[in-house]
Amino acid sequence: KQWYQRRVRGFLDSEMERWKTFRCVEYVREVEMVILEGLTGYKRGEATFRVTKTSWSKYCFTPVHLYGEMAHTDCGIERLSREKVFKSLDKMLDEKDETLVKAAAWAIGHIASSSYGCLR
């Protein structure tokens, strides 16, 4: 059991580092593509976009966000607090780069939409 817990902790450590450094920005690009495809009917091709009426949908679902999933548990909220994720997201909101601001907004939105929210 301890081996499994250490392995999970190691995985979470590396994933948290990925989300702090570049995954949050990648998430913004992914979610913007999902919205583009889901709401406009544009379909991602190899080099271009094309409209296909059969692919048009008025629904689109955002990809899973690590911080949002962590916020669904007490342990996850504690970990986010311990890693000072909230402070780093607050700083990102003051950035000049629009993508970083969007990344922070999506992360905060996912955390706040959980039943625990940001109350802890």
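User: Is Ser-114 buried or exposed?

Analyst: Ser-114 is buried, because its relative accessible area is 6%; buried means under 20% relative accessible area, exposed over 50%, and partly exposed lies in between, with a 1.4 Å probe and protein chains only.

User: What kind of model is this, and how are residues numbered?

Analyst: This is a predicted model, in which local features need pLDDT of at least 70 and side-chain atom pairs count only at pLDDT 80 or more, whereas totals for chains, interfaces and linings use all residues. Residues are numbered from 1 along each chain as its sequence is written, and side-chain values use heavy atoms, with hydrogens and water left out.

User: Back to Ser-114: where is it found, and what is it in contact with?

Analyst: Ser-114 is found in the segment after helix H5 (98–112); helices (H or I, at least four residues) and strands (E, at least two) are DSSP runs numbered from the N terminus. A polar atom of the Ser-114 side chain lies 2.9 Å from the backbone oxygen of Ile-111. Neighbours within four places in sequence aside, Ser-114 is in contact with Ala-71 and His-72, contact being heavy atoms within 4.5 Å.

User: And Val-25, which helix does it lie in?

Analyst: Val-25 lies in helix H1 (residues 2–40) and counts as buried because its relative accessible area is 17%. Leaving aside neighbours within four places in sequence, Val-25 is in contact with Thr-99, Leu-100 and Ala-103. Val-25 and Lys-102 are 8.2 Å apart in space, C-alpha to C-alpha, and 77 residues apart in sequence.

User: Next topic: how many aromatic pairs are there?

Analyst: The structure holds three aromatic pairs; rings of Phe, Tyr and Trp (its six-membered ring) pair if their centres lie within 6.5 Å, and planes under 30 degrees apart count as stacked, over 60 as edge-to-face and the rest as tilted. One of them is the tilted pair of Trp-19 and Tyr-27, at 6.0 Å centre to centre and 45° between the planes.

User: What about Trp-19 and Tyr-67?

Analyst: Their ring centres are 6.2 Å apart and their planes stand at 45°, so this pair is tilted as well. The pair links distant parts of the chain, with Trp-19 in helix H1 and Tyr-67 in helix H2 (residues 66–70), 48 residues apart. Trp-19 counts as buried at 4% relative accessibility, and Tyr-67 does at 2%. Ring pairs link Trp-19, Tyr-27, Tyr-67 and Trp-106 into a cluster.

User: Which residues of H3 are buried?

Analyst: In helix H3 (residues 74–82) they are Gly-76, Ile-77, Arg-79 and Leu-80. These residues cover an arc of only 160° around the axis, so they are on the same side of H3; the arc is that of the directions from the helix axis to the C-beta atoms. The face turned away from that buried side carries the exposed residues Cys-75 and Arg-82. H3 is followed by Lys-84, whose phi is positive, near 60°.

User: Finally, how many helices and strands are there, and how much of the protein is buried?

Analyst: The secondary structure comes to five helices and two strands, in the pattern α-β-β-α-α-α-α along the sequence. Of the 120 residues, 28% count as buried. Among contacts between residues at least 6 apart in sequence, 55% join residues at least 24 apart.

Definitions and conventions
A polar contact is a pair of N or O atoms within 3.5 Å; within protein, one must be able to donate a hydrogen and the other to accept it, and residues adjacent in sequence count only if both atoms are side-chain atoms.
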